[in-house]
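Me: Hi, I'm new to this one and would like a friendly walk through it. Can you show it to me first?

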Amino acid sequence: VLLLKTARGELFSFNPVESGRDNWNATVFGASGSGKSVCLNLLLTTAMLSNVTKGRVMVVDFAGETKSSYLQVAELFGGQFVPVVSRRAGGGVSINPFPSPAIALDASGSLKSEHLSFLLVLTNLLLNNTGGDMQAALHSQILQAGLKLCYAHRTAADGAPTYQTLATVLEGMKGSVTDRDRLERVRTLLSGFLDSPDSRFFKNASNVVADAPFVIFDLHGIDGLAPQTREALVFLTTQYVKRVAFEEEGISYVVLDEVAQLLRRPELRALVDELYSTARKHRTSVWTVTQNYGSYVQSGLHETIKLNSTTQLFLSHAT
């Protein structure tokens, strides 16, 4: 349990995952310096040490790699801090979105539909093939065929393909595709993406430990990236969060720090809505933290969060 103190100085014990509550969701409000970070670090320590917690902990933050409040607690519990945009030489995240064959293939050796759909959405986004016209749909058909072939003849023991694999596959499709003009257009789009500076986020092997017990995704700096790159990184982050929240065994924690920043982005707004609405069915405790109460209320999601929370903490300075 956490030991907390009221404004009147009264100590009380608080179990974040008390079985008697309808859900374990919470919100934390407080101005800068009021103790939000201290409170959340204590929560995460409680989560990692608790005997009942067999799931994982994920934090989404916007503080940056030099100002994050969670670096020490992540190091203490063997977690991983992932600065999506790093200013350090050789830093920054690299996420290969292609899952390993052990995860992606079904019993017959075919690419599972949910993984194909995920890869198709992300790849169309990265290649800026997001129009709703017939041309975009036909390009998507070629991409879909290429993504399936990336997993052809791979076994569970093989490594994950990459976008370089997809480029090789598309090159090899010249003899089997009737619409070569559109195939060449898709190859040109992929080549342009692979040659762009932002491809470094997606084209290499992942440096994110997929099964780390405690992961912090820090999105500070993504506003300076190209729109499709920014949207793709947010999309990938939401997929990681959903995996922890909805697919893990045991009790998991998802902490969304400075939620007012998150709610500026449509994809993350939808994520927050989904998390608060369904987390209790998956034994997940969702915490949102904010110092910008006005933006939080104006987001339109505050009623959903309030309705689906059983705990609200208000932190104050002095009196």
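Me: Thanks! How do α5 and α6 lie relative to each other?

Reply: α5 and α6 are roughly perpendicular to each other, because angles of 65 to 115 degrees count as roughly perpendicular, under 35 as roughly parallel, over 145 as roughly antiparallel and the rest as oblique. Their axes cross at roughly 110 degrees and come within 9 Å. Axes here are lines fitted to C-alpha atoms, for helices over the stretch in contact, with angles running from 0 to 180 degrees between N-to-C directions. Helices are DSSP runs of H or I with at least four residues, strands are runs of E with at least two, and both are numbered from the N terminus.

Me: Before we go on, what kind of model is this?

Reply: This is a predicted model, where local features need pLDDT of at least 70 and side-chain atom pairs count only at pLDDT 80 or more, while totals for chains, interfaces and linings use all residues. Residues are numbered from 1 along each chain as its sequence is written, and side-chain values use heavy atoms, with hydrogens and water left out.

Me: Good. Is the crossing of α5 and α6 left-handed or right-handed?

Reply: The crossing of α5 and α6 is right-handed.

Me: Which residues make the contact?

Reply: From α5 they are Ile142, Leu143, Gly146, Leu147, Leu149 and Cys150, and from α6 they are Thr165, Leu166, Val169 and Leu170. Contact means heavy atoms within 4.5 Å. Sorted by class, the contact of α5 with α6 has eight nonpolar, two polar and no charged residues. Ala, Val, Leu, Ile, Met, Phe, Trp, Tyr, Cys and Pro count as nonpolar, Asp, Glu, Lys and Arg as charged, and the others, Gly among them, as polar.

Me: And how do α5 and α7 pack?

Reply: α5 packs against helix α7 (residues 180-195) at an angle of about 80 degrees, with the axes 10 Å apart. α5 and α7 are therefore roughly perpendicular to each other. In this contact, α5 brings Gln135, Leu138, His139, Ile142 and Leu143, while α7 brings Arg182, Leu183, Arg185 and Val186. The classes here are five nonpolar, two polar and two charged residues.

Me: What about α4 and α8?

Reply: Helix α4 (residues 113-126) and helix α8 (residues 227-247) have axes that cross at roughly 160 degrees and come within 9 Å. That makes α4 roughly antiparallel to α8. The crossing of α4 and α8 is left-handed. Phe118, Val121, Leu122, Leu125 and Leu126 of α4 meet Gln228, Glu231, Ala232, Phe235, Leu236 and Gln239 of α8. This contact of α4 with α8 has eight nonpolar, two polar and one charged residues.

Me: Switching topic: which residues of the largest nonpolar core touch the most other members?

Reply: Tyr163, Phe202, Phe217 and Leu275 do, in a core of 71 residues. The largest share of this core, ten residues, comes from α8. A nonpolar core is a set of buried Ala, Val, Leu, Ile, Met, Phe, Trp, Tyr and Cys residues joined through side-chain atoms within 4.5 Å. Buried means under 20% relative accessible area, exposed over 50% and partly exposed in between, using a 1.4 Å probe and protein chains only.

Me: What does Phe217 touch?

Reply: Beyond its neighbours within four places in sequence, Phe217 is in contact with Met58, Val59, Val60, Asp61, Val82, Val84, Ile95, Val208, Thr237 and Tyr240.

Me: Now the loops. Is Phe62 buried or exposed?

Reply: Phe62 counts as buried, at 13% relative accessibility. Phe62 sits in the loop between β4 (57-61) and α2 (71-76). Setting aside residues within four places in sequence, its contacts include Asp218, Leu219, His220 and Arg265.

Me: And where is Thr162?

Reply: Thr162 is in the loop between α5 and α6. Thr162 is buried, with a relative accessible area of 17%, and touches Asn96, Phe98 and Lys203, not counting residues up to four places away in sequence.

Me: Last one: what is phi for Asn128 and His153?

Reply: Asn128 has a positive phi of about 60 degrees although it is not a glycine, and phi of His153 is near 65 degrees, also positive. Most residues other than glycine have a negative phi. Asn128 is exposed, with a relative accessible area of 55%, and His153 is exposed at 82%.

Key:
Left-handed = near helix turned anticlockwise from the far one by under 90°.
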